[in-house]
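Subject: Structure for your review

Dear colleague,

Please find below the structure that I am handing over to you. My findings follow it, arranged by topic.

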2 protein chains.
Amino acid sequence: MYLRSDEPGEVTLDDVRAITGTSKGQIFHYIPGGKEELLLAVARHEADRVLEDQQPHLGDLTTWAAWERWRDAVVARYRAQGRYCPLGSLMSQVGSTPGASEVTTALISRWQAHIRRGIEQMQQAGNVRADLDADRVAAGFIAGIQGGVLVLRSTGSTRHLEAAMDLLIDHLRGS
Amino acid sequence: MYLRSDEPGEVTLDDVRAITGTSKGQIFHYIPGGKEELLLAVARHEADRVLEDQQPHLGDLTTWAAWERWRDAVVARYRAQGRYCPLGSLMSQVGSTPGASEVTTALISRWQAHIRRGIEQMQQAGNVRADLDADRVAAGFIAGIQGGVLVLRSTGSTRHLEAAMDLLIDHLRGS
DNA sequence: CGACTTCTGGACTTGCCGGTCCAAAATTTG
DNA sequence: CAAATTTTGGACCGGCAAGTCCAGAAGTCG
């Protein structure tokens, strides 16, 4: 039975010690909360990166071309990441502690707010039907992207992610 | 068979022993592969249940009313399940072994095939535009549902799941 | 009944990992 | 410089959980 080895499973404090070239003493000196505090800090950092990697497109969804660039950026980012999802692994390790779900819900809500804002701007410009519930469509995007990434993690293909994003953009276009 | 009630972490063989009223000797006598084989067997069983719980709707997506019933069944099922997703927990424990991804990809592909078939039937009946790529839209459904459930697991709300399914059904309707 | 096979229970082994502790090195301070 | 404080390294502890082993119970068959 092999526990050890490559990326997928668990990260141990010994791994951290080895990688950072430090010692247990230092880890607990600087991070009194131990493993959970460490993992949560990394998770928060990764969560920020998720949104950063979508910029500047995510913050400026004001034309159809921008939506396409955003779509491409998201697909490219996750294609590059492949089966290994840092944030996903982290969250599954930190389990269902209160801090963990706080990180995910915060990420989701910031992400969704960006998308909603983009839709509203498109509506104001008359490019999207005004009677669409922007927040609801934004929620759909979040779900589609998350699910696409989940599928990517187990199949290695970005097909579902692309399909979800394309369909939702088409929906906005009113096709 | 029911598994733990306190959702979060790990299932140990001692848990299994206690719940089933057996002993380590028996477990390894009947399941030589140990924990991994056991977990995979349960995962396969849960995967079957996922589709069973959507029947008979999933197998008969031939009218708009049927699509709505299916949508309601899926939402109801996951709402009832709440934050605790048996299959999800299982898969995160069994990690990224080859057997694990085989279970998920098999589930995804059967699920998607059902949806695709439903779309094709609607197309043949003239209810859905014939130029829609049925398999692609089905992939979008899978992504949306998976993502909706993922969000449900961390926020406890079915809002994203409902939004994703409604938007995709609207899309089929060509609204 | 008696040899033989299968099943059962649970003590035991092995190895892992988070966390503690403290002695010594480095650094600051007076 | 010397005392006080902070930082460092790593041996060690405790607990946990997967998997092994074997002694005996239960069942099978001639």
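Chain A is made up of eight helices and zero strands. Followed along the sequence, its pattern is therefore simply α-α-α-α-α-α-α-α. Please bear in mind throughout that this is a predicted model. The C-alpha trace of chain A spans about 60 × 30 × 25 Å along its principal axes.

Relation of the two protein chains

Chain A can be superposed on chain B by a rotation of 180 degrees with 0.0 Å of shift along the axis, and the RMSD is then 0.1 Å. The two copies are thus related as by a two-fold rotation axis. Both copies use the same surface, for 100% of the contact residues of chain A recur in chain B.

The contact between the chains

The contact draws 32 residues from chain A and 33 residues from chain B. On the side of chain A that touches chain B, at least two residues each are supplied by α6 (98-124), α7 (134-155) and α8 (159-173). The largest share of that side, 15 residues, belongs to α7(A). Sorted by class, the side of chain A that touches chain B holds 14 nonpolar, 16 polar and two charged residues.

One helix pair across this contact may be of interest to you. Helix α6(A) packs with α7(B), residues 134-155, at an angle of about 130 degrees, and their axes are 9 Å apart. The two helices are therefore oblique to each other, and the crossing of α6(A) and α7(B) is left-handed. From α6(A), the residues Ser101(A), Thr104(A), Thr105(A) and Ile108(A) take part; they meet Val151(B), Ser154(B) and Thr155(B) of α7(B). The contact of α6(A) with α7(B) counts two nonpolar, five polar and no charged residues.

A helix pair within chain B

Within chain B, helix α4 (residues 64-81) packs with helix α8 (residues 159-173) at an angle of about 165 degrees, with 10 Å between their axes. That angle makes α4(B) roughly antiparallel to α8(B). The crossing in which α4(B) passes α8(B) is right-handed. Here Trp67(B), Arg71(B), Val74(B), Val75(B) and Tyr78(B) in α4(B) meet Leu161(B), Glu162(B), Met165(B) and Ile169(B) in α8(B). By class, the contact of α4(B) with α8(B) comprises seven nonpolar, no polar and two charged residues.

The surfaces near the DNA

DNA strand C is surrounded by 16 residues, and the closest are Leu13(A), Gly34(A), Lys35(A), Ser23(B) and Gly25(B). The elements giving two or more residues to this surface are α1 (13-20), α2 and α3 (34-52) of chain A, together with α2 of chain B. With four residues, α2(B) provides the largest share of the surface near DNA strand C. That surface has three nonpolar, eight polar and five charged residues.

DNA strand D is surrounded by 15 residues, of which Ser23(A), Gly25(A), Leu13(B), Lys24(B) and Gly34(B) are the closest. Two or more residues each come from α2 (24-30) of chain A and from α1 (13-20), α2 (24-30) and α3 (34-52) of chain B. The element that gives the most to the surface near DNA strand D is α2(A), with four residues. The residues of the surface near DNA strand D divide into three nonpolar, eight polar and four charged.

Cis peptide bonds

In chain A, the peptide bond from Gln55(A) to Pro56(A) is cis, with omega near 5 degrees. Pro56(A) is placed in the loop between α3 and α4 (64-81) of chain A. In chain B, the bond from Gln55(B) to Pro56(B) is likewise cis, with omega near 5 degrees, and Pro56(B) is found in the loop between α3 and α4 of chain B.

Yours sincerely

Notes:
Residues numbered from 1 in each chain as written. Chains lettered and ligands numbered in written order. Predicted model: local features only at pLDDT ≥ 70, side-chain atom pairs only at ≥ 80, totals over all residues. Near = placed C-beta within 6 Å. Nonpolar A, V, L, I, M, F, W, Y, C, P; charged D, E, K, R; others polar. Least-squares fit on C-alpha atoms with pLDDT ≥ 70 in both. Contact = placed C-beta atoms within 7 Å. Axes fitted to C-alpha atoms, helices over the stretch in contact; angles between N-to-C directions. Parallel < 35°, antiparallel > 145°, perpendicular 65-115°, else oblique. Left-handed = near helix turned anticlockwise from the far one by under 90°.
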